[in-house]
Amino acid sequence: MNLKLFHKIMDLMKVRNLNLTQLSKKSNIHLTELSRILNHKQTLSLRNLDAITMAFDLEEGAFYSDYIDECFNENGILDKRRSMVFLYKCAELRNAKLLQIFFDQVIEERSKQTLKKNLNYIYLVAEKLFE
């Protein structure tokens, strides 16, 4: 998980006076899994981010702008599973602003091969959305 998102979650835990066990119970994420996520030993899925968001009683998608970086691997290539789930969810929420930020980040890629691969994932999602 990127540091910005990590710090937002940790800050909210502090503000809401929640420890790891309490957040685990409120989010219905197993304590071990949540611990692994917050200790950067397991990636944060969008499903778990949504559960954490609900545990804090925030609006769905409240952390999505900070989740965009989680959709890319260290080489700048979209993680197919995470990015496709993210795109579907943003489309479902009709969040054009987030989609634009996501697309802008994809377009910034300088490698034609990586850009082509990333755009292919976006095209697959768009195809499914308009079936």
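Which side chains meet in a salt bridge at 3.8 Å, N to O, Lys89 and what partner? Lys89 and Asp50 do. A salt bridge here is a side-chain nitrogen of Lys or Arg within 4 Å of a carboxyl oxygen of Asp or Glu.

This is a predicted model: local features need pLDDT of at least 70, side-chain atom pairs count only at pLDDT 80 or more, and totals for chains, interfaces and linings use all residues. Residues are numbered from 1 along each chain as its sequence is written, and side-chain values use heavy atoms, with hydrogens and water left out.

The structure holds six salt bridges.

| Pair | N to O distance |
|---|---|
| Lys89 and Asp50 | 3.8 Å |
| Lys89 and Glu60 | 2.7 Å |
| Lys89 and Glu92 | 3.8 Å |

Glu92 and Lys89 sit three residues apart in helix H6, so about one helical turn separates them. Shared partners join Asp50, Glu60, Lys89 and Glu92 into one network. Helices are DSSP runs (H or I, at least four residues), numbered from the N terminus.

Buried means under 20% relative accessible area, exposed over 50%, and partly exposed in between (1.4 Å probe, protein chains only). Lys89 is buried at 18%. Asp50 is buried at 12%. Glu60 is partly exposed at 39%. Glu92 is exposed at 57%.

**Aromatic pairs**

Rings of Phe, Tyr and Trp (its six-membered ring) pair if their centres lie within 6.5 Å; planes under 30 degrees apart count as stacked, over 60 as edge-to-face and the rest as tilted. The count comes to five aromatic pairs. In one of them, Phe72 and Phe102 have ring centres 5.9 Å apart and planes at 35 degrees, so the pair is tilted. Phe72 lies in the loop between helix H5 (64-67) and helix H6 (80-92), and Phe102 lies in helix H7 (residues 96-107), so the pair ties together parts 30 residues apart in sequence. Phe72 is buried at 13% relative accessibility. Phe102 is buried at 0%.

Phe102 also forms a tilted pair with Phe86, at 5.7 Å centre to centre and 35 degrees between the planes. This pair links helix H6 to helix H7, with the partners 16 residues apart. One aromatic cluster takes in Tyr64, Tyr67, Phe72, Phe86, Phe102 and Phe103.

**Helix H3**

In helix H3 (residues 31-38), the buried residues are Leu34, Ile37 and Leu38. They cover an arc of only 90 degrees around the axis (taken from the directions from the helix axis to the C-beta atoms), which puts them on the same side of H3. They pack against helix H1 (3-15), helix H2 (20-27) and helix H4 (46-55), where contact means heavy atoms within 4.5 Å. His40 follows H3 and has a positive phi, near 60 degrees.

Methods:
Helices (H or I, at least four residues) and strands (E, at least two) are DSSP runs, numbered from the N terminus.
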